[in-house]
Amino acid sequence: MGADRGFSLTSLLATYGALVSSLTLGWTLYRDLRDRRKVKFSVEIRRIGVRSDGAFFSIAPNSGIEGASEEAFFIFSMLNIGRRPVRLKSIYAKYKEPVKGKRGLYFSARDLPKSLDEQEALDEYTEFDDRYVSENVESITVSDVSGKQWRLSRKQMRELRTDAKQFLEEESPAGRTHP
């Protein structure tokens, strides 16, 4: 009597066990490799105001809403979309060509450094300054304490420059349509 050359219950269970363990290993590696710090970062030019109940709000610079400030601000929005906590340290504008020997400018942040847990957000603001949106500024970056950086995309930088130019034209005496 020779050995049965067909599939036996033992070989079927061994194949099933190997397949399940391979899938489990693959899923674990995939999940662990994706389990990183990740920050969604954006910048807008806004005016800040205070409602009658004392809560703050921000509006587009060209909106004529009562209670809004005359001066404009950069509003930085940072959201931790990763699964790990992240400690944000600074916001930085990097020059394409150095100016007076400097490679960039730091924004003066009020609440940084700050730790963000999963899905936690931080809105930071600082006074508007056109040096940060000049053509010589390559990127605006937020960094954490370990040196990891998240930058605005080229599209976001283009939109920010367009908004800044529009705001500056409206603020200049030649660009105003009302006294």
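This report describes the aromatic pairs of a predicted model.

Residues are numbered from 1 along each chain as its sequence is written, and side-chain values use heavy atoms, with hydrogens and water left out. Because the model is predicted, local features need pLDDT of at least 70 and side-chain atom pairs count only at pLDDT 80 or more, while totals for chains, interfaces and linings use all residues.

The structure contains eleven aromatic pairs. Rings of Phe, Tyr and Trp (its six-membered ring) pair if their centres lie within 6.5 Å; planes under 30 degrees apart count as stacked, over 60 as edge-to-face and the rest as tilted. Two of the pairs are set out below.

| Pair | Centre to centre | Angle between planes | Class |
|---|---|---|---|
| Trp27 and Tyr30 | 5.5 Å | 40° | tilted |
| Phe76 and Phe107 | 4.8 Å | 70° | edge-to-face |

Trp27 and Tyr30 both belong to helix H1 (residues 9-34), three residues apart, about one turn of the helix. Helices (H or I, at least four residues) and strands (E, at least two) are DSSP runs, numbered from the N terminus. Tyr30 has a relative accessible area of 42% and is therefore partly exposed; buried means under 20%, exposed over 50%, and partly exposed in between (1.4 Å probe, protein chains only).

The second pair links distant parts of the chain, 31 residues apart: Phe76 lies in strand E3 (residues 68-80), and Phe107 in the loop between strand E5 (102-106) and strand E6 (114-116). Phe76 is buried at 1% relative accessibility, and Phe107 is buried at 6%.

Phe76 and Phe107 also belong to one aromatic cluster, together with Phe41, Phe74, Phe128, Tyr132 and Phe167.
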